Amino acid sequence: MAVGKEILTKIRSVQNTQKITKAMQMVSTSKMRKTQERMRLARPYADRVSIVMSHLAQTQEDHGIQLLESRQEIRRAGIILITTDKGLCGGLNANVLKKFFAQVQEYHEQGVAVEVVCLGSKGLAACQRVGLNVIASVTNLGDTPKMEIILGALTEIFQRYEKHDLDIIHLISSHFVNTMKQEPRSEVLLPIGKGALSEPVPDKYNWEYRYEPSPVAVLEYLVRRYLESVVYRALSENMAAEQAARMVAMKAATDNAGNAIKELRLVYNKSRQAAITTELSEIVAGAAAV
């Protein structure tokens with residue numbers, strides 16, 4: 001019965017693993033609801049800032065703000081890469097990194113240097129493995145995105161764009177579609193698209209306001225807040241996608257563990273019956289010999 005004991009040990013091991021995956025599935029389900037609510041609450045602020053910024057940009061044509069200038073030639077590119085700090089979330093990070101490395105390879109083929117800001121330990125580890133130039137990174141983001149944690153890294157890459165050290169900045173992260181679907185998304189963060197600066201202004205903004213200290217100073221402040229809100233919203237969506245992907249992955253792991261337990265029990269029962277049959281055959285053969 002040595003084989004039977006080994007099978008029982010495997011069954012207990014798989015059962016213990018199943019308990020862990022089931023607990024992780026339930027925790028991810030609870031966190032996913034909170035992250036979805038946080039993601040939903042982040043959208044109105046970004047939309048409102050975008051409307052006011054668009055209104056000011058249309059009235060202040062000669063603003064001279066570096067963050068609103070577009071470059072004719074791209075010599076150096078910056079990428080803000082958002083990944084998770086933890087694993088066990090299916091192919092979420094793998095899909096984002098695949099899109100990220102495809103963008104990096106495209107720029108390298110064009111002779112464009114790439115600098116990266118990593119938000120999340122998985123992306124940082126991947127960039128360090130291939131030797132990319134990481135100018136700033138933030139890890140251990142936790143379950144709640146906090147602007148003060150990522151503000152230093154964002155300030156670094158935005159200042160490089162203002163100093164003409166970077167000509168374009170991409171934002172790559174996971175987009176939360178629904179609980180069962182998350183897709184990698186890449187968008188140009190800087191220069192700001194003309195669509196964001198020419199959005200239709202509601203009727204209540206058709207008159208001119210008096211801004212202090214000046215409209216250009218307010219516009220410059222709003223541009224920075226707008227960029228930060230876009231990154232914050234992407235980070236919130238990435239966290240919601242992480243919890244959804246982990247919930248699905250842990251459910252699949254729990255189901256697979258259940259199937260493995262059934263197969264091991266079947267093998268154990270066959271082994272036990274074979275052992276019993278062998279013992280009975282030996283007893284009958286011994287009795288016949290006597």
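Q: Start with charges. What does the salt-bridge count come to?
A: The count comes to 10 salt bridges. Keep in mind that this is a predicted model.

Q: Which residue does Asp167 pair with?
A: Asp167 forms a salt bridge with Arg75. Their closest N and O atoms are 3.8 Å apart.

Q: Why does that pair tie together separate parts?
A: Asp167 lies in the loop between helix 4 and strand 4, and Arg75 in the loop between helix 1 (2-59) and strand 1 (76-82), so the pair ties together parts that are 92 residues apart in sequence.

Q: Is Asp167 buried or exposed?
A: Asp167 is buried, because its relative accessible area is 4% and buried means under 20%.

Q: What lies 2.7 Å from a polar atom of the Asp167 side chain?
A: The backbone nitrogen of Arg75 lies at that distance from the Asp167 side chain.

Q: What else is Asp167 in contact with, leaving aside neighbours within four places in sequence?
A: Its contacts are Arg71, Glu73, Ile74, Arg75, Arg76, Tyr161 and Pro191.

Q: Arg71 is on that list. Where is it?
A: Arg71 sits in the loop between helix 1 and strand 1. Arg71 is buried, with a relative accessible area of 15%.

Q: And what does Arg71 touch, not counting residues up to four places away in sequence?
A: Arg71 touches Gln66, Tyr161, His164, Leu166 and Asp167.

Q: How far apart are Arg71 and His164, in sequence and in space?
A: They are 93 residues apart in sequence. In space, Arg71 and His164 are 8.8 Å apart, C-alpha to C-alpha.

Q: Back to salt bridges. Which residue does Glu115 pair with?
A: Glu115 forms a salt bridge with Arg76. The closest N and O atoms are 2.6 Å apart. Glu115 lies in strand 2 (residues 113-119) and Arg76 in strand 1, so the pair ties together parts that are 39 residues apart in sequence.

Q: How do the two ends compare for burial?
A: Glu115 counts as buried at 5% relative accessibility. Arg76 is partly exposed, with a relative accessible area of 32%.

Q: And Glu183, which residue does it pair with?
A: Glu183 forms a salt bridge with Lys181, with the closest N and O atoms 3.4 Å apart. Glu183 is partly exposed, at a relative accessible area of 33%. Lys181 also counts as partly exposed, at 41% relative accessibility.

Q: Which residues do salt bridges with shared partners join into one network?
A: Arg76, Glu115, Glu156 and Arg160.

Q: Let's zoom out. How many helices and strands are there?
A: The protein has 6 helices and 5 strands. Along the sequence, the pattern reads α-β-α-β-α-β-α-β-β-α-α.

Q: How much of it is buried?
A: Buried residues make up 41% of the 290 residues.

Q: Take Ile80. What does it touch, not counting residues up to four places away in sequence?
A: Ile80 touches Val117, Leu119, Leu154, Ile157, Ile169, His170, Leu171, Ile172, Leu189 and Val231.

Q: Which residues form a nonpolar patch on the surface?
A: Ile276, Leu280 and Ile283 form a nonpolar patch. Together they have about 290 Å² of accessible area.

Q: Where is Ile276, and how accessible is it?
A: Ile276 is in helix 6 (residues 215-289). Ile276 is partly exposed, with a relative accessible area of 38%.

Notes. Residues are numbered from 1 along each chain as its sequence is written. This is a predicted model: local features need pLDDT of at least 70, side-chain atom pairs count only at pLDDT 80 or more; totals for chains, interfaces and linings use all residues. Side-chain values use heavy atoms; hydrogens and water are left out. Patches are made of residues with over 30% relative accessible area and no salt bridge: like charges are joined within 9 Å, nonpolar side chains (Val, Leu, Ile, Met, Phe, Trp, Tyr) within 5 Å. Accessible areas come from the Shrake-Rupley method with a 1.4 Å probe; for residues, only the protein chains shown count as cover. A salt bridge is a side-chain nitrogen of Lys or Arg within 4 Å of a carboxyl oxygen of Asp or Glu. Helices (H or I, at least four residues) and strands (E, at least two) are DSSP runs, numbered from the N terminus. Buried means under 20% relative accessible area, exposed over 50%, partly exposed in between (1.4 Å probe, protein chains only). A polar contact is a pair of N or O atoms within 3.5 Å; within protein, one must be able to donate a hydrogen and the other to accept it, and residues adjacent in sequence count only if both atoms are side-chain atoms. Contact means heavy atoms within 4.5 Å.
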